[in-house]
Each structure stands twice: as structure tokens, then as C-alpha cells.
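Okay, thanks everyone for coming.

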Amino acid sequence: MDERTFAVTLVRPGPALPYFEVGAYRYTGEWLPEVGDTITVTRAFVADGEEPEVIEAYVTRVRPAADTPISVTQFRGSAPEREDFLAA
């Protein structure tokens with residue numbers, strides 16, 4: 001199967017409030033991930049000569065028909081259990 005690229009909304013933990021980056025990152029895979037999956041996303045726009053920023057994050061929402069179908073939260077350490085998302 002061919003890989004596809006999907007736009008991502010990234011939520012970064014902040015000192016007081018989280019930072020939202022809509023469409024600034026991309027996920028490439030055969031299909032959309034599932035809520036609770038841990039995925040790697042890369043910065044969508046990179047200046048010439050720079051390496052793209054790569055972030056490991058967990059999937060919090062998937063909406064296939066949306067402009068940015070994947071929402072993720074950057075994590076530090078271990079990802080939460082899948083059941084934590086399904087209960088919310």
C-alpha cells in the first residue's frame with residue numbers, strides 16, 4: 001500500500017497553558033493512526049539546509065474528514081494507556 005501524508009494539530013505542554021500548532025506538522029503512513037497510538041510527526045515546513053524537527057507524540061483525536069485529521073500531544077516520557085483516551 002502507498003504511504004500518505006496527513007496534516008497534524010500538535011499540542012505542546014507549556015508552563016501554564018498548552019501551545020497549539022495547527023497544520024505545522026505532518027504524519028506519513030499507510031492510513032490514519034488510532035486514538036492512543038504513539039506516532040512520529042515531522043515539521044511541515046523546513047528552511048533550506050535545515051533538518052526537519054521530529055517529535056514523538058500520542059494521538060488524541062482522529063477525524064478523517066477534517067483539514068487536519070490527526071490531533072496529537074507531545075509527550076515527555078511514557079505514553080498513557082489507550083483506555084485512558086477511550087474513557088474520556
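**An arginine and its polar partners**

So, let's start with R12: its relative accessibility is 17%, and because buried means under 20%, R12 counts as buried. Keep in mind that this is a predicted model. As for where we are in the fold, R12 is found in strand β1, which covers residues 4–12.

Now, which side chains does R12 make polar contacts with? One of them is the side chain of E21, at 2.6 Å. Another is the side chain of Q74, where the contact is 3.2 Å. And then there's E53, whose side chain is joined to that of R12 by a polar contact of 3.0 Å.

If you leave out residues up to four places away in sequence, R12 touches P18, Y19, E21, Y25, R43, E53, I55 and Q74.

Okay, let's hop over to E53. You'll find E53 in the loop between β3 (38–43) and β4 (54–62). Buried or partly exposed? With 30% relative accessibility, E53 counts as partly exposed.

The E53 side chain also has a polar contact with the side chain of Y25, at 2.6 Å. Y25 is on the R12 contact list too.

Note on methods: Residues numbered from 1 in each chain as written. Predicted model: local features only at pLDDT ≥ 70, side-chain atom pairs only at ≥ 80, totals over all residues. Heavy atoms only, no water. Helix = DSSP H or I, 4+ residues; strand = E, 2+ residues; numbered from the N terminus. Buried < 20%, exposed > 50% of the residue type's maximum accessible area, 1.4 Å probe, protein only. Polar contact = N/O pair within 3.5 Å; in protein donor to acceptor, adjacent residues only side chain to side chain. Contact = heavy atoms within 4.5 Å.
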